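The sequence and the structure come before the entries.

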Amino acid sequence: MELRIERAEEDPVVITAELAITDAERNQGLMYREKLSDGEGMLFIFDRDQQLSFWMKNTLIPLSIAFVSSDGRITEIRDMQPHDETSVRSSRSVRYALEVPQGWFDRVGVQSGDILRLDLIPQISGH
């Protein structure tokens, strides 16, 4: 599905993302993938705000993760290395996480404070 990220004073950026909604989908994440192209990613959707924690067990490619609050604001962006089992935790409670190829957020100028348009995602706006 296409997601839109609105950047401060610049045109929006579009990314094609798979949705990870169920526990099984979230647990699998991007494990065992051999490649992920720029402009592609995975949006992890949780049913409540919480401090999220991710690791890279069985993940073969370097990723960047954006933690996203329930109103769509990107609160922080962190880099993660392949096979690293160290937990990467959000610094505060959030509802979503968006994983992309490492460095993609920087390459397209997305940063903390930008807005992921959640109202355009049927699985979220229908709640």
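Entry 1, terms and exposure. I call a residue buried under 20% relative accessible area, exposed over 50% and partly exposed in between, with a 1.4 Å probe and protein chains only. The model is a predicted one, in which local features need pLDDT of at least 70 and side-chain atom pairs count only at pLDDT 80 or more, while totals for chains, interfaces and linings use all residues. Residues are numbered from 1 along each chain as its sequence is written, and side-chain values use heavy atoms, with hydrogens and water left out.

I looked up Asn58 under these cut-offs and recorded it as partly exposed, because its relative accessible area is 26%. For helices (H or I, at least four residues) and strands (E, at least two) I took DSSP runs, numbered from the N terminus. On that numbering Asn58 lies in the loop between strand 4 and strand 5, and its phi is near 60°, a positive value in a residue other than glycine. I then turned to His83, which is found in the loop between strand 6 and strand 7 and has a phi near 65°, again positive in a residue that is not glycine.

I counted two strands as paired if DSSP finds at least two bridges between them. In what order do the strands of the open sheet run? I read seven strands in the order 6-5-8-3-2-1-9, with mixed pairing; the edge strands, each pairing on one side only, are strand 6 (74-80) and strand 9 (115-116).

I followed strand 1 (residues 2-6) into strand 2 (residues 13-20) and found them antiparallel, joined by four bridges. Within this pair Ile5 stands opposite Val13, and Leu3 stands opposite Ile15. The hairpin of strand 1 and strand 2 has six residues between the strands, and there Glu9 takes a positive phi near 60°. Strand 2 and strand 3, by contrast in direction, run parallel and are joined by five bridges, with Ala20 opposite Phe44 of strand 3.

By a nonpolar core I mean a set of buried Ala, Val, Leu, Ile, Met, Phe, Trp, Tyr and Cys residues joined through side-chain atoms within 4.5 Å. The largest one has 21 residues, of which Leu3, Ile5, Leu43, Leu98 and Phe105 touch the most other members. Strand 1, strand 2, strand 3, strand 5 (63-68), strand 8 (94-101) and helix 2 (104-108) each supply at least two residues of this core, and the largest share, four residues, comes from strand 2.

I took contact to mean heavy atoms within 4.5 Å and listed the partners of Leu98, not counting residues up to four places away in sequence: among them are Leu3, Ile5, Leu43 and Phe105, along with Ala17 and Met42. A second, separate core of 17 residues includes Phe44, Ile61, Met80 and Ala97.

My working meaning of a pocket, on a 1 Å grid over the protein atoms alone, is an open set of points where a 1.4 Å probe fits, with protein on both sides within 12 Å along at least five of seven lines; lining residues have an atom within 4 Å of a point. The largest pocket is lined by 18 residues, and Arg26, Asn27, Ser53, Phe54 and Trp55 lie nearest its centre. Helix 1 (23-28), strand 3 (40-50) and strand 4 (53-54) each supply at least two lining residues, and helix 1 gives the largest share, four residues.

Is Arg92 buried or exposed, or does it fall in between? Arg92 counts as partly exposed, because its relative accessibility is 48%; its place is in the loop between strand 7 (88-89) and strand 8. Arg92 touches Gln50, Gln51, Thr75 and Glu76, leaving out residues up to four places away in sequence. Arg92 and Phe67 are 25 residues apart in sequence and 9.1 Å apart in space, C-alpha to C-alpha. Thr75, placed in strand 6, counts as buried because its relative accessibility is 15%. Beyond its neighbours within four places in sequence, Thr75 is in contact with Phe67, Val68, Ser69, Arg92, Val94 and Ser112.
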